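This report describes the fold and the surface of one protein for a reader who is new to structural work. Please consult the sequence and the model while reading.

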Amino acid sequence: MAFKAYLETKGRKTGKIHKVELLVVRYNNRFYFSRRNPNGDWLKNAIANPDVTVSFDEQIFTGKAKLVTDISLNKKICQLKYEDKKRANEERIVLEVDCN
C-alpha cells in the first residue's frame, strides 16, 4: 500500500521550496506521511506552511497538510505503511495531506 512520492514544502525559515522523497500511503483520497519523531525539516515546514505538493508517476497534487490527531487513524496509517509488525505498531507522528 505504501509507495515513494515527493513532498514539496516551503521552508519555514528561508521561504525556499524543499523537495524530499518519502514513503507515503494513500488512504481515503488523502496522502499520509509519517515519522518516529518531530525533528524532520519536511514535517516542521509542512506544519509552519501547510500548502504542500505531492508528486509521483508524473502526477502532481497540491493540498493542505495537517497533523493527524485521531489515534485510530494514526494506527491505521502505520499498519498500511509497514509490513513489519514491529514498525507497523510503533508510535509515529502522521501528517495528512488533503488534495481535494
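The model is predicted, with local features requiring pLDDT of at least 70 and side-chain atom pairs counting only at pLDDT 80 or more, whereas totals for chains, interfaces and linings use all residues. Residues are numbered from 1 along each chain as its sequence is written, and side-chain values use heavy atoms, without hydrogens and water.

**Overall form**

The protein has 3 helices and 6 strands, and from the N terminus on its elements run β-β-β-α-β-β-α-α-β. Helices (H or I, at least four residues) and strands (E, at least two) are DSSP runs, numbered from the N terminus. The C-alpha trace spans about 40 × 30 × 20 Å along its principal axes. The radius of gyration is 13 Å, which agrees with the value near 13 Å for a compact globule of 100 residues. This radius is taken over C-alpha atoms, and the globule rule is 2.2 Å times the number of residues to the power 0.38.

Of the 100 residues, 39% are buried; buried means under 20% relative accessible area, exposed over 50%, and partly exposed in between (1.4 Å probe, protein chains only).

**Strand pairing**

Two pairings involve strand β3 (residues 30–35). Strands pair if DSSP finds at least two bridges between them.

| Strand pair | Sense | Bridges |
|---|---|---|
| β2 (residues 17–27) and β3 (residues 30–35) | antiparallel | 3 bridges |
| β3 and β6 (residues 93–98) | antiparallel | 6 bridges |

Tyr27 has Arg30 in β3 as its bridge partner. The hairpin of β2 and β3 has 2 residues between the strands, and Asn28 there takes a positive phi near 50°. On the pairing with β6, Ser34 has Val94 as its bridge partner.

Glu21 is found in strand β2. Is Glu21 buried or partly exposed? Glu21 counts as partly exposed because its relative accessibility is 44%. Leaving aside residues up to four places away in sequence, Glu21 touches Lys4, Ala5 and Tyr6, where contact means heavy atoms within 4.5 Å. The C-alpha atoms of Glu21 and Ser55 are separated by 9.3 Å, although these residues are 34 residues apart along the chain.
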